[in-house]
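Biologist: I'd like to learn how to read a model like this one. Could we go through it together, feature by feature?

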Amino acid sequence: MPSADRPRLVLLAAVLGAASALTLAGCSSTTPGTPDPSTGSGASAVDITMTSGGSGDQCAASTTTVAAGPVTFTVQNTSATGIIEFELLQDQRIIGEKENLAPGLAPVSFTVTLDGGKYQLYCPGAQKEFTDFTVTGKAAAAGSSDTAALLAEGAKGYAGYVSARLSDLLDGSKKLQAAIDAGDIAQAKTVYAGTRQFYEKVESDVAGFVKPGSSPTDNAGNLDYLVDMRASNLDPAVGWHGFHAIERDLWKNGRITDDTKKLAAELVENVTTLTDLSKDLTFKPEDLANGAAGLLEEVQSNKISGEEEAYSHIDLVDLASNVEGARQAFAYLEPGLKKINASLTENITKQFQNVDRVLAAYRDANALGGYVTYDEATKKAAANTISQAVQALQDPLSQIAQKVATAS
Amino acid sequence: MTRERAQAGGVPRQGVSRRALLGGGIAAGLGVVAGAGIGAGGVLGYQRVSAAQADETIDLRQSHPFYATGTRMPQPGVRTSPQRYCVFMAFDLASGALTRDLQVLLARWSAAIAQLQAGKTVGAVVPVSGVGAGQDTGEALDLGPASLTVTVGLGPGVFDDRFGLAGRKPAKLAELPTLPSDRLDPALVGGDLSLQACADDPQVAYHAIRDLARIARGTATVRWTVLGFGRASAGPDQTTPRNLFGFKDGTRNIESDADFQKWVWAGADQDWMAGGTYQIVRKIQMNIEIWDADDIADQQKIFGRTKIAGAPLSGGQEHTTPDFAVKDAAGRTKIDMRSHIALAAHENNDGVKILRRPYNYTDGLNQYGQLDAGLLFLVYANDPDHFVRLQRRLGASDLLNEYVAHVGSAVFAVPPAPAEGSYIGQPLFA
């Protein structure tokens with residue numbers, strides 16, 4: 001296929017025909033958008049129209065200059081098959097957007113309050129993707145509703161969530177050690193099942209740490225390896241440590257040995273180190289988004305297969321915790337994300353509810369960790385349904401990072 | 001395969017020759033299972049093979065338009081000359097999906113199919129910001145359109161009480177009745193939506209299905225799928241290919257405009273279906289290893305045709321009209337009345353014809369360690385009952401039944417192609 005057929009990665013100097021609407025080619029004789037009388041709110045109106053043309057898909061705006069204040073963008077894809085979304089950008093940050101655009105669908109609109117300054121209209125896939133958009137004057141102080149501030153606040157709040165879970169993890173590890181030292185297998189199993197969740201909720205945020213002074217490629221200092229390594233990926237040079245080695249002793253071997261006690265002591269030591277290293281963690285909004293998507297990847301790659309908890313079969317506990325961790329990250333972004341893309345936010349909320357609904361069928365208050373054992377029979381009956389529900393959540397969730405990314 | 005390579009490689013074209021060669025390589029790789037059948041014909045049929053028709057050269061730059069340029073035009077992928085590869089996938093609409101979700105899905109699918117058939121991506125492979133997941137998965141970049149067609153079907157479930165479309169249900173659209181010899185696996189039955197993606201490059205077809213399934217996520221879940229690796233039907237300018245039993249199949253397919261009008265294109269039972277058609281999908285498992293041990297005379301008797309030339313046992317060449325009455329010296333009809341062609345022939349079924357657009361498939365090995373393969377039998381008709389009538393007879397008496405099992409089944413309404421600026425099924429929501 002000639003590269004000219006693939007316009008989306010190439011910005012072409014567009015020469016667009018004159019149309020009643022100003023094309024996004026950057027015509028300079030723009031007239032300020034007029035307040036839309038139909039809304040009665042004094043919002044300026046900008047119509048975005050997408051059409052197919054001989055030289056590629058076109059994206060046209062009714063105006064490229066508006067006065068500061070509320071602005072309503074009404075987006076209609078008339079015939080452009082290559083354009084799926086429209087974004088309003090400032091300094092590469094998304095201020096507002098519409099997705100799921102396709103020819104034949106009714107127009108969709110969103111309203112944002114804009115300060116004076118330079119913006120860009122972005123139509124990914126159009127022959128000319130970016131067009132400058134100017135807002136004149138100043139808007140009333142946006143205050144706490146400013147999207148970037150909301151996102152930053154969410155990221156700060158999430159750091160608190162992560163450190164609280166690590167502190168829970170440390171408490172649980174100490175209780176596990178106590179039960180093992182006391183030789184109480186039943187109690188140790190209960191504590192194990194109750195403690196795993198804390199790591200699974202924040203795993204994607206803390207998986208990258210190594211012991212001070214050790215090399216990132218040496219598993220002997222890799223805290224994720226030392227805390228959470230499964231049988232399937234062992235490094236013979238370092239041996240097996242952490243939760244899953246203890247799991248093997250409790251469930252497969254069915255007894256507590258001196259080795260088990262050593263493993264439990266080590267676990268407490270390593271989780272302590274991890275907690276210390278994580279103390280001053282700070283997050284950017286996109287870290288939350290990537291972390292949430294990462295947790296769902298964990299679900300799909302290790303939990304659905306039953307590989308994570310090969311002996312205790314409490315995979316559904318881990319799985320629900322991954323989902324819960326992702327939900328928390330999303331919840332902290334939600335106030336800001338809603339302003340950027342209300343329908344995406346709504347869809348993700350809906351998909352979280354759907355996953356909850358699917359998982360609810362496997363809840364069992366009497367089972368270890370609160371979910372039925374993920375044995376072969378359960379896996380056969382449940383894996384497909386759970387996996388498809390999680391995938392339907394993972395897809396929109398994986399779109400968040402680029403929406404909330406801060407230009408820095 | 002040799003001939004294909006020579007032709008593809010012998011026509012140096014800027015930008016496509018590498019792909020043309022690669023296409024040949026993939027076909028050669030995928031053809032391992034089919035090799036037994038092709039090889040058997042190859043030795044004796046060498047002369048004929050080398051004189052094959054020109055349609056065997058594949059130009060991967062070719063594309064089919066998606067949008068209708070007139071009224072009552074069918075979607076591509078029905079009358080389109082069969083491409084070499086095809087992927088079928090059936091979906092269920094997710095619980096909680098709203099009418100609006102279905103509408104957005106059909107609109108996004110339509111736009112995406114228009115892009116894909118033109119050899120373009122569905123959104124960016126790499127987001128311009130460099131952050132986040134790409135919209136298009138990217139594995140079809142640089143492969144060309146490869147004559148891709150994607151055909152969308154609406155199952156009976158679309159017209160139940162979920163989407164307010166019950167009043168628009170075509171009278172002829174209903175789940176197929178239980179048919180003789182059905183051995184359906186519940187996991188391979190039905191679906192609310194279907195996609196048939198056919199192309200001359202298997203990765204182009206697979207990419208289309210993969211990215212369209214991605215668009216559907218949240219609105220529809222995957223129900224079942226079949227990967228067809230080789231075409232088993234011919235268009236008017238193509239030679240008749242062979243099924244995995246090694247026989248030419250579909251010699252007497254629908255070809256003329258009159259027959260398409262009479263048997264394929266739907267009338268105005270429902271306004272929105274005029275110019276559309278119905279898609280019947282059967283996954284037919286073939287016990288090829290058992291078949292391979294069957295005596296050649298018995299094989300020919302079962303089909304009612306000779307294996308290499310595909311001529312009816314009543315005499316003549318492949319395209320000679322079979323004579324179901326002519327008898328041998330012993331007074332038996334030369335073509336057994338229970339042979340596949342006798343039972344399927346329109347002469348013996350009140351004139352009923354169906355458009356067959358099947359593909360050979362393989363699923364690796366079955367639980368007994370045997371080759372798991374068969375026919376993805378895609379049928380188009382203006383009344384699904386036409387298929388039902390034929391299959392009632394075939395399922396009850398066909399000598400072939402010993403070697404085949406219908407394990408998957410579904411039926412879909414295929415609306416006509418949308419005009420530019422519209423989408424498949426849009427009139428349903430008006």
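Predicted model: local features only at pLDDT ≥ 70, side-chain atom pairs only at ≥ 80, totals over all residues.

Biologist: How many helices and strands does chain B have?

Modeller: Chain B comes to 11 helices and 9 strands. As for its contacts with a separation of 6 or more, 77% join residues 24 or more positions apart. Of the 430 residues in chain B, 48% are buried.

Biologist: What is the mean pLDDT of chain B?

Modeller: pLDDT is the predictor's confidence in each residue, from 0 to 100. For chain B the mean is 87, with 87% of its residues at 70 or more. One stretch to read with care: over residues 1-52 of chain B pLDDT stays under 50, and there the model has 61 contacts beyond four places in sequence. For the complex, the predictor gives an ipTM of 0.81 and a pTM of 0.79.

Biologist: On to the interface, then. How many residues of chain B are in contact with chain A?

Modeller: In general, the size of an interface is often given as the accessible area lost when the parts come together. Here we have residue counts: 33 residues of chain B are in contact with 32 residues of chain A. Helix H5 (99-117) and strand E4 (220-231) of chain B each supply at least two residues of that side of chain B. The largest share, 7 residues, comes from H5(B). By class, the side of chain B touching chain A has 12 nonpolar, 15 polar and 6 charged residues.

Biologist: And inside? Which residues have the most contacts in the largest nonpolar core?

Modeller: That core has 211 residues, and those with the most contacts inside it are Ala292(A), Leu333(A), Ala197(B), Ala205(B), Tyr278(B) and Ala381(B). Its largest share, 12 residues, comes from helix H7 (residues 315-340) of chain A. Domain 1 (3-141) and domain 2 (147-404) of chain A both give residues to this core, so it lies between them.

Biologist: What does Leu333(A) touch?

Modeller: Leaving out residues up to four places away in sequence, Leu333(A) touches Leu151(A), Gly154(A), Pro285(A), Leu288(A), Ala289(A), Ile400(A) and Val404(A).

Biologist: How is chain A divided?

Modeller: Into domain 1 (3-141) and domain 2 (147-404). Their contact takes 6 residues from domain 1 of chain A and 6 residues from domain 2 of chain A. On the side of domain 1 that touches domain 2 in chain A, you'll find 2 nonpolar, 1 polar and 3 charged residues.

How values were computed
Residues numbered from 1 in each chain as written. Chains lettered and ligands numbered in written order. Contact = placed C-beta atoms within 7 Å. Helix = DSSP H or I, 4+ residues; strand = E, 2+ residues; numbered from the N terminus. Nonpolar A, V, L, I, M, F, W, Y, C, P; charged D, E, K, R; others polar. Core = buried A, V, L, I, M, F, W, Y, C linked by C-beta atoms within 7 Å. Buried ≥ 20, exposed ≤ 12 C-beta atoms within 10 Å, placed from the backbone. Domains from an automatic or database assignment.
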